[in-house]
Amino acid sequence: MTTTHAPTPAGTRSARTRAAATRPPRTSPRGLPAAVGSQVFLLLLALAFLAPVVWALISAFKPATQIISDPLGLDLTALTLDNYRRMFADVPIGQGFLNTAVVLVTKGTITLFCAPLAAYAFAKYRFPGRDLLFGTVLITLMLPTIVLIIPLLLEMKALGWVNTYQALVLPGAVDAFAIFWMRQVIADVPDELLDAARVDGCGEFGIFTRIVLPVIRPALAGLAVLTVMNIYNDFVWPVVAASSERMATLQVVLSTLAQNITGNRVGADYATVTGELLAAASIALVPLLIVFIALQRHFINGILAGSVKG
Amino acid sequence: MSVLVAPGRSRGRPMLRPWLPRKVAPYVFVLPFVALFVAFSVYPMLFTLRLSFTDWRGSGAARWVGWDNYTYLLGNEMFWGSLGNSAALWLMIVPVQVVLGLLVAVLLNNAKICMRSFYRIAFLVPFVTPLVAVAQIWVVVFDQDYGAVNSLLNLVGLPDVGWLTTSEFAKPTLALLFLWKTTGFIVIILLSGLQSIDAGVYEAAAIDGASRTRQLWSITVPLVRRTLMFSVVLQTLAVFQMFAEPFVVTDGGPYNSTTTAGLHLYEHITRGDLGTGAANSFLLVVVVMGLSLLFVRFLRTED
């Protein structure tokens, strides 16, 4: 603790503050309205945060013309799957899901294996070149990702990888943030634990898999959720590197649909496209939402375990 | 040397010669990362750096032009305009986010509040929702003629607002999208800072008669200063690199009012002027690094 609490000079203490000290804070009469106020404030804010997503999920089931003529109304008898049917007929969303799943599994595995392993070396070994390498990692953390898009695209062309899974999987598979975060976490693992394993005859790689990984599991779960989220949501690089219909990921399919909306600004067409758009947006966000709600404890605890301390 | 069989070990498994000596291990461990990192980060980064000193339109030989791209940009109105837009967005986003994030985190850290896990999920829902989906919802909800927000305004007798079609409203609407999308994450980061504060400090303050507001200013804020600084730097990076949000929602319009620094950089690329685009990105890195250092300094010297 860096701050020491200076006691108030006795003379300035009024009778009221002394009374406050003896009274348990939770029954203080002033506390009750404040607690109700906080609760109301949080509730309203939470509803505001949920409203757009809930609105989209519900509106996708409304007839397309009603979405734009009466955006706030809800006629339960008129609910329909038309938007979904049209969307499935118009865009290759099934293929999009498949491509996203392939990229998610391969790229996710690479990230979750390579990043902690390299971070372990950075955190627990001394070797020539370590600081230079880690410094380079920190610099790339500052660089806008769009900067790398041109040279990466040229590289993909030279390798003949445009519109392939390699192009979607390998660039960005181990990003600087994952290394930075994992190094922070592994540095907190006590050295004694690693040395004890070494004395017991555990090999260097065994120490990583049997000691380090189990100890950092909460942060690893956080990294897993964050990685899945980033891969699932990524769209700038996939649009540039693999936009063919066969290779399009879910987000690429979604963004091509979005481009239609600017072209159809009037009348019934606008309504149709809006309906399809909301159906596609709903179907894209629901899987991630389910994963997130199922794993939210791990995710939140993981971030809490991994971020900087106050 | 651990390579040799340990003498005098009578108990347990006999120690074998490890297949991975301790001196070699770190190199093996960083190898997969280094291979990917060099091929897909370092090499493109160096390529871009070299590109920024050339005039190259994507084919043929690149012509070396020295600092020309940089001096062109530094005298260019659009470049400064894009930085100005990003700075304006920063002002609309970061202070609001820090205050709101801290307020929500402090409330959620209070055991008396019920439904805390519901709130944590609710605030993080926008953060986990795919940006492309979010942006499309935003376009539809804030549509001038058919959007839900204007319908709400009409209900209470207010006229339609051109949320995304007028230059005075487009920027705040974009800022609102960003706030909505990322504040939940900031709340969680700040919560981690709050949870590392010893509860005893508050008890001592309460005994000394410090009010809740006083405790917030005199204890909470100073003790989570590092976490606050981390959030500010993180969001500064994000705001100045912001690309996808304006790209999908407004495409920089109307009248370039939402052409952020990140989006402007991309415009050079789509025009095929790759050298200028590369120079623009390094200027942006300098700006972002400068700002980050400034905040770190500012928040350090405050005690």
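Helices and strands in this tour are DSSP runs, at least four residues long for a helix and at least two for a strand, and they are numbered from the N terminus. The model you have open is a predicted one.

Begin with the loop of chain B that runs between helix H11 (244-249) and helix H12 (261-270), and select B:Asn256, which has its place there. The phi of B:Asn256 is near 60°, a positive value in a residue other than glycine. Most residues other than glycine have a negative phi.

Next select B:Met115, in the loop of chain B between helix H3 (77-108) and helix H4 (116-128). B:Met115 is not a glycine either, yet its phi is positive, at about 60°. With 13 other C-beta atoms within 10 Å, B:Met115 is partly exposed.

Now colour chain B by its domain assignment, which gives domain 1 (25-68) and domain 2 (76-300). The C-alpha centres of these two domains of chain B lie 31 Å apart, and nine residues of domain 1 are in contact with eight residues of domain 2. On the side of domain 1 of chain B that touches domain 2, helix H1 (25-51) and strand E1 (54-55) each supply at least two residues, and the largest share, three residues, comes from H1(B). Sorted by class, that side of domain 1 has three nonpolar, four polar and two charged residues.

Then show both chains together, where 85 residues of chain A are in contact with 89 residues of chain B. Select helix H15 (residues 267-306) of chain A, which gives the most to the side of chain A that touches chain B, with 14 residues. By class, this side of chain A holds 62 nonpolar, 18 polar and five charged residues.

Finish with the largest nonpolar core, which has 162 residues, and select A:Ala118, A:Ile179, A:Leu254, A:Ala280 and A:Ala281, the members that touch the most other members. H15(A) contributes the largest share of this core, 14 residues. Domain 1 (25-68) and domain 2 (76-300) of chain B both give residues to this core, so it lies between them. Which residues is A:Ile179 in contact with, leaving aside its neighbours within four places in sequence? They are A:Ala115, A:Ala118, A:Ala119, A:Val137 and A:Val174, together with B:Phe33.

Key
Residues are numbered from 1 along each chain as its sequence is written. Chains are lettered from A and ligands numbered from 1 in the order in which they are written. This is a predicted model: local features need pLDDT of at least 70, side-chain atom pairs count only at pLDDT 80 or more; totals for chains, interfaces and linings use all residues. Two residues are in contact if their C-beta atoms, placed from the backbone, lie within 7 Å. Ala, Val, Leu, Ile, Met, Phe, Trp, Tyr, Cys and Pro count as nonpolar, Asp, Glu, Lys and Arg as charged, and the others, Gly among them, as polar. A nonpolar core is a set of buried Ala, Val, Leu, Ile, Met, Phe, Trp, Tyr and Cys residues joined through C-beta atoms within 7 Å. A residue is buried if 20 or more other C-beta atoms lie within 10 Å of its own, exposed if 12 or fewer, and partly exposed in between; C-beta atoms are placed from the backbone. Domain bounds come from an automatic or database domain assignment.
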